[in-house]
2 protein chains.
Amino acid sequence: MPSGPPIGEREREILTAIVETFIATGDPVGSRTLARSNREGLSPATIRNVMADLADAGYLEQPHTSAGRVPSSEAYRYYVEQLTGRASLSQEDQGIIKDSLHGVSDVQEFMERTSRVLSLISHNVGITVAVGGPKNALEHVYFSRLGDQKVLAVLVTRSGLVRDRVLRLDLPQADLDAAARFINDNFRGWTMEAMRAELARRLEQERSEYDRLMKSVEQLYRQGALIADETAQVVFVEGASNLVTGEQDRQRLQELLQTLEEKKKIVELLGAYLDAKQEAVRVVIGLDEALPSMRNFVLIGAPARVGDDVMGSLAVIGPTRIDYQHTMTAVSYIARLFDKILNESE
Amino acid sequence: MPSGPPIGEREREILTAIVETFIATGDPVGSRTLARSNREGLSPATIRNVMADLADAGYLEQPHTSAGRVPSSEAYRYYVEQLTGRASLSQEDQGIIKDSLHGVSDVQEFMERTSRVLSLISHNVGITVAVGGPKNALEHVYFSRLGDQKVLAVLVTRSGLVRDRVLRLDLPQADLDAAARFINDNFRGWTMEAMRAELARRLEQERSEYDRLMKSVEQLYRQGALIADETAQVVFVEGASNLVTGEQDRQRLQELLQTLEEKKKIVELLGAYLDAKQEAVRVVIGLDEALPSMRNFVLIGAPARVGDDVMGSLAVIGPTRIDYQHTMTAVSYIARLFDKILNESE
DNA sequence: ATTAGCATTCTAGAGCTCCGAGTGCTAAGC
DNA sequence: GCTTAGCACTCGGAGCTCTAGAATGCTAAT
């Protein structure tokens, strides 16, 4: 618990130093080490006193008596809060990002490459989600007969996402065209959610007086041609191999990887923590509340938007011992780039 | 090297027993253990003699002097060869597979679920590839204006694969429709390869007398609307987390996971070893020739076909210490199911 | 051709010691 | 009154030795 008060200037400085040292080395940090690197020449003893206070306040933990101190979640939160955020990305990183994202005009492809680039730059797990959910605005649909009893449904959202699905349905192409025209004419620009609701309402109401057109539409609707559920989300997870270098034991590592394989959970995770309204990069420390296997892991993410439309989110997941400054800068940089690139190509 | 000769009945039996014991336990197997489980009551000493012969012939290896023997790649090859293949899948496994694949009519979705189900059943890595390459026959294309200077190209192959791409292009919808009609009318049923070649030829030849239509077609072609390169392959890799339980050290594990993340290499691997013409399940032992990080790993795969058309491949990758019989049966079962399900839904 | 017996080899693991890092406390110093 | 030096104490980890057990290969007997 952040028993807030006991954080004065000196405490702040020492806590920061501890966090940074621990992030750099991974070993519990002791008063000696700290005294050496501290610019005001404080003695180990003094530092010990401060450390004891910080430990009481819940910012530090001790693996065992004769070891140094390790930052608690609270400490990381505090540390992140007091980061200025003024840092900028190295030329090299900017280069990597730009090379990798150059010339992409497709949201999905952008997402895919971004997850890779995030993992490359952060040396952790890069994740992107392209929302395909109910909030998306419909651009248009397209149906096409495929073989004998199959129909291909293609759905394009305003955000440029393309989703397709093969349905078991036996309708002539003419009917499909009519249905597509109907939907496109009536619902272009609607959110998927609203469209589905309205469509359901109409189908219900006019049930008695169905004409051929509405019958086709109903069939398509029932078969899920208007893809809008969470399966429509596209998730890219890259760099899981980076987790191997961490200090977890086998057991934990496996659980971790398993979790990352469950795309659904990942979507939920990002959904729960990344508020679409927020502007900036968000850091969530203590992921174990949502996902037990993610104990000691943090999420650093931001919404991916073009203008005011939220297209999805991008994030890095890594151990609490991550380079916050660098990762935050990278995430923020790419988020801005996303807006810029996709905006100008509109 | 398989100095072929010294494999008589007794040798065969002992070699098989060694392989099976090693697969079951993971420990080098010694003459004692073997003598105990051997049904004809051979003494350890006799077995030792046989084992020495087998070692000379290259079928067994010794980690160190006072340890038991471990099967060599050659031994596994031999072992697999003499498997009857008569085994059938447990009801339970059949249930898992059917539940998971039930009602799927979309090749891509089938592939996706299959990779998952393969990893589940084999407790190893399940991989599927949907070929989108030059050999695929075109079903139809569809172009649609998207925003101001973008065009969405959707390409459907005979095999039911849907590929889309966003192009930077500024053509009116009418022109796009005309181009699509032209391509569909002229090239439906052609392989992507043939179509591209013919199109290139025509564009070259008639360069002087271009009309509006051919100009649109050329632009679309140049922008890559007729997706047929290897990026059109879709790869699904599931169950990488299963590798953690193996006995590799961290270093190897990480390399392994990295390799699995490189979809391109995986496609090449399957391509190199899984011959489209082959009917049955194929087992490749010694993957390190192709991928150094895959030392001690094997590939158990089969082509995924519907009738005579190859849609891709499915495979399991796991350590040499994999349950061959079970995995082979599972792969073969799913391959047959693939044909059956997608055939009847045509 | 098998097998029993035996000397030999080699590893994994248990037990042990010792070193170093770190702590908290107390008493002295500025 | 804050800071620091000094000191006794704690504890984990590295390194060492030693042993038990599992295998082996060979030889000689059956």
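**Notes on the DNA surfaces, the chain contact and a loop residue**

1. The largest share of the surface near DNA strand C comes from α3(A), which supplies four residues. Please keep in mind while reading that this is a predicted model. In total, 20 residues surround DNA strand C, and the closest are A:G30, A:S31, B:T46, B:T65 and B:S66. The elements that give two or more residues to this surface are α2 (31-37) and α3 of chain A, together with α3 of chain B.

2. Sorted by class, the surface near DNA strand C consists of six nonpolar, 11 polar and three charged residues.

3. Two or more residues each come from α3 (44-56) of chain A and from α2 (31-37) and α3 (44-56) of chain B. Of these, α3(B) gives the most to the surface near DNA strand D, namely four residues, and by class that surface holds 11 polar, six nonpolar and three charged residues.

4. The contact between the two protein chains draws 33 residues from chain A and 32 residues from chain B. On the side of chain B that touches chain A, at least two residues each are supplied by β4 (138-146), β5 (150-157), β6 (162-168) and α10 (250-261) of chain B. The largest share of that side, six residues, comes from α10(B), and its classes are 11 nonpolar, 10 polar and 11 charged residues.

5. A loop position in chain A deserves a look when the backbone is inspected. A:N296 has a phi near 70°, a positive value in a residue other than glycine, and its place is in the loop between β8 (282-285) and β9 (297-306) of chain A. Most residues other than glycine have a negative phi. Why does A:N296 count as partly exposed? There are 18 other C-beta atoms within 10 Å of A:N296, and a residue would count as buried only at 20 or more and as exposed at 12 or fewer, so this count falls in between.

6. The corresponding entry for chain B reads as follows. B:N296 is not a glycine, yet has a positive phi of about 70°, and B:N296 lies in the loop between β8 (282-285) and β9 (297-306) of chain B. B:N296 is classed as partly exposed because 18 other C-beta atoms lie within 10 Å.

Technical notes
Residues numbered from 1 in each chain as written. Chains lettered and ligands numbered in written order. Predicted model: local features only at pLDDT ≥ 70, side-chain atom pairs only at ≥ 80, totals over all residues. Nonpolar A, V, L, I, M, F, W, Y, C, P; charged D, E, K, R; others polar. Contact = placed C-beta atoms within 7 Å. Near = placed C-beta within 6 Å.
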